[in-house]
Amino acid sequence: MIKTLKILFWFGIFCLSGIFMVASAAYLYLSPQLPSAESYREVQLETPLRILTADHKLIEEIGVRRDPITYEEIPPLMIQAVIASEDSRFYSHPGVDFRGLVRGFYGFLRGVNLGGGSTITMQLANNISFDSDNVYARKLKEIPFALRIQQELSKAEILTLYLNLVYFGQGADGISAAAAVYYDKSVDEMTLGEFATMVSLLPCPSVCNPVTDARRAEGRRNVVINKMLAQGMIDRSQHAAAIAEPVAAQRHQRNIEVNAPYIAEMVRQELFDLYGDDIYRLGIEVVTSIDSKMQAAATNALRNGLENYYDRRHGYRGPEAKLPVAGVDPRARWLQELSVTPTYGNHQPAVVTQVNARSLNVVFRDGSEHTIEWSGLEWARPFIGRDNAWPPPEQASDVAEVGDLIRVRRSGGELQLGQVPEIQGALVSVSPDNGDILALVGGYDFQYSQVNRALASRPPGSGFKAFLYGAAIEDGFSPATLINDAPFARGEYRPQNFERNFVGPITLRNAFKDSRNVPAVRLYDQLGTAKLFDFAARFGFNTDTFPRNDLTLALGSQDVKPIEMARGFAMIANGGYRIEPTFIKTISTLDGVVFRARQPTVCEDCNPEQATSATSNQVARATALLEGEGDIDIQEREPLPDQVPAPLLAEPVTNPRVAYIMNTMLRTVVEAGSGRRVSREFERRDLMGKTGTTNGPAELWFTGFNRDIATSVFVGFDQPEALGESEQGATVAVPIWIDFMKTALAGTPENVMPRPNGLVDRLIDRDSGQIARPGDANTLFEVFMVETAPANDSRRATDSPSRSNNESLSTEIIF
């Protein structure tokens, strides 16, 4: 027996010696890899990146908030709550609670939870470093690092550092930031119940968050309060008062006021590409060019338009899922499924609980019951194909069954059966004055799809004809020039008109108004690739990507971006001056403004030669952030002076007379062409634009403007496919554009490009383009550049009297 005990004794000594040697070797190996106290003793203030509209409304806040405080500023109750919950032996162990580690390991071997062995000091070690290590390497390093911290810092310093660094969820690092984010208070104003709620977050700051799950947070808070009572840190009256406190945490400071996630991501990506993770903590504030009212209108117009003008007209595709209806308590399973099913756009998820003769009962994720009446169901013809949705439902059972996971939207005060559209789109609005992006929506819902279709390239169809005809006008053609609408062949290519007919000789104005394809191809064939590409490039299109010697270019077969279309039409609106799309206006740090955009601005009263000279000397970088040419230095630049510098002068890219004639031709489109719905909806005569519809049709466009705003709308599937034979730019894109522009233009006066000098009017026959006599039928006053105008025959022509530059286009041409 004595011999056995002696063997066990020496075996124990051997094991302890081995453990000591291994631990010492590990410590000596890891010690050089551990950070020094100087690298983490001081906690830096961190403030998230904030993105604002031009009128200073919050679009997004990205990053964490940290506002370090001293040990003296930490209330004793907060310290006691942390110690009671996280490390009751904090003041008695050397940074590592070896007894707790042994207890935790023993519980692991037995398969029971006897508590973990992680101390406050070890948690601090984990917070400070080792983020890139795997979980095992991180745990191995925590122990020697915790021992090192204990040697270099006092207990008070450890607690201060821990409470300033630990993450409390909702973008709050440290207790001071947490107090502000959750309660809009300073730390010394918080109650015991609030301290306990914050401490209960430490193991699970996202899952246990009181903002998202108040009931669960209350239970965890009470556990902390009970531990404080058990350890004698509070008395029973404090305990009772804290338990009785309601969980009143809310998300403060991050109050998103404007839904513009696509532009927020553009800003974030632009800054991140230049400066990396620093942008999330330096207190950067970015003011964008976005107009909050227009942005809200753009979001609503695109969402409602994709739903109403396309998706619902093509039928109901059925429920998103069929949930089980049998078994014990199916409602509980339905609510669980609803809790993880997101809301997209206008549509929230619901489960059908009862099918009546002409209505459905549904339950929402909050457990509330609602009824969808027949008026909200009768639209739901079964989807068969893009051109076929049939037959109309006759009763509610034709639409849904109990257990169906469906979408519900509210429209006009009533609930309606809905569905998240498969169709996507984009809307981008630009200022013709300086290229400011006033509104941008890159898809139906950013949460549903982060692809920014405002920056994605797709064929524009006939919308590109504006630049083909503009190049022709610049080359000496006039709106009255005749071109033959007759069969045309080049090899195997034989273009067809949408109407599948030919009308013979037709003026450029009429061919453009009616969007005739064959005349456009003939015009491109006569004009040549070089002239078209040169003209389009000056209006902002990247013609390097265009195919050469391809006649389908005349019909818009090349890929362009909606933002390029908006910019190009904005340059038509402003008289032919180059502008750059701009979305970042100023960047500020805690020290002040460090960047202010200087972009070319249209100066209609300036001499063109002076403007060209000024821009050629001044434009080193106007504001081409969109193309990734940023030179912002948010860390090293001195704050800029408060005064706004003089704008750069925009450079003319074509003769203003060419731009003016293009304005008049685009006005004809909305007066009598494919965009005439615009004229029916607006009691104003300053709107112009062009539709675009590609083969299939697979893409639908409308880009329109007045002198103050140019807006492009694109609609199509992400993977191009036919939208349905009846669809055109006029059926979907135009009404979306109208819905947006009604808000964007509300209360604004009519405004068009001023008429430049060097233009004359001639009375011509609408169809032949020939000079007409006053009193002849079917005539109009056509506008010509002086050098291309027909000879002035006093017997058969009349010049318009001289007019003020401020008169509207409606006085220049009689439609």
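**Entry 1: cavities**

I began with helix 12, which gives the most to the lining of the largest cavity, with 3 residues. I am working on a predicted model. I looked up the volume of that largest cavity next and got about 70 Å³. The lining includes Q295, T299 and R303, along with N259, P261 and Y262. I also found L440, V441, G443, Y444, D445 and F446 there. Helix 11 (261-275), helix 12 (292-311) and strand 15 (437-441) are the elements that give two or more residues to this lining. Sorted by class, I have 6 nonpolar, 4 polar and 2 charged residues. The model holds 3 cavities of 30 Å³ or more.

**Entry 2: salt bridges**

I turned to charge pairs and found 41 salt bridges in the structure. E46 pairs with R281, with the closest N and O atoms 3.6 Å apart. E46 sits in the loop between helix 1 (2-30) and strand 1 (49-52), and R281 in the loop between helix 11 and strand 5 (285-288), 235 residues apart.

I then looked at D718 and R453, whose side chains meet at 2.7 Å, N to O. This pair links distant parts of the chain, 265 residues apart. D718 is partly exposed at 38%; R453 is buried at 2%.

My last pair was E499 with R516, at 3.0 Å between the closest N and O atoms. They are 17 residues apart in sequence, so the bridge ties together two loops. E499 is partly exposed at 41%, and R516 is buried at 5%. Finally, I noted that shared partners join E46, R66, D173, D278 and R281 into one network.

Notes
Residues numbered from 1 in each chain as written. Predicted model: local features only at pLDDT ≥ 70, side-chain atom pairs only at ≥ 80, totals over all residues. Heavy atoms only, no water. 1 Å grid on protein atoms, 1.4 Å probe; cavity = no way out; pocket = protein on both sides within 12 Å on 5 of 7 lines; lining within 4 Å. Points joined across faces, edges and corners; volume = space filled by probe spheres on them. Helix = DSSP H or I, 4+ residues; strand = E, 2+ residues; numbered from the N terminus. Nonpolar A, V, L, I, M, F, W, Y, C, P; charged D, E, K, R; others polar. Salt bridge = Lys/Arg side-chain N within 4 Å of Asp/Glu carboxyl O. Buried < 20%, exposed > 50% of the residue type's maximum accessible area, 1.4 Å probe, protein only.
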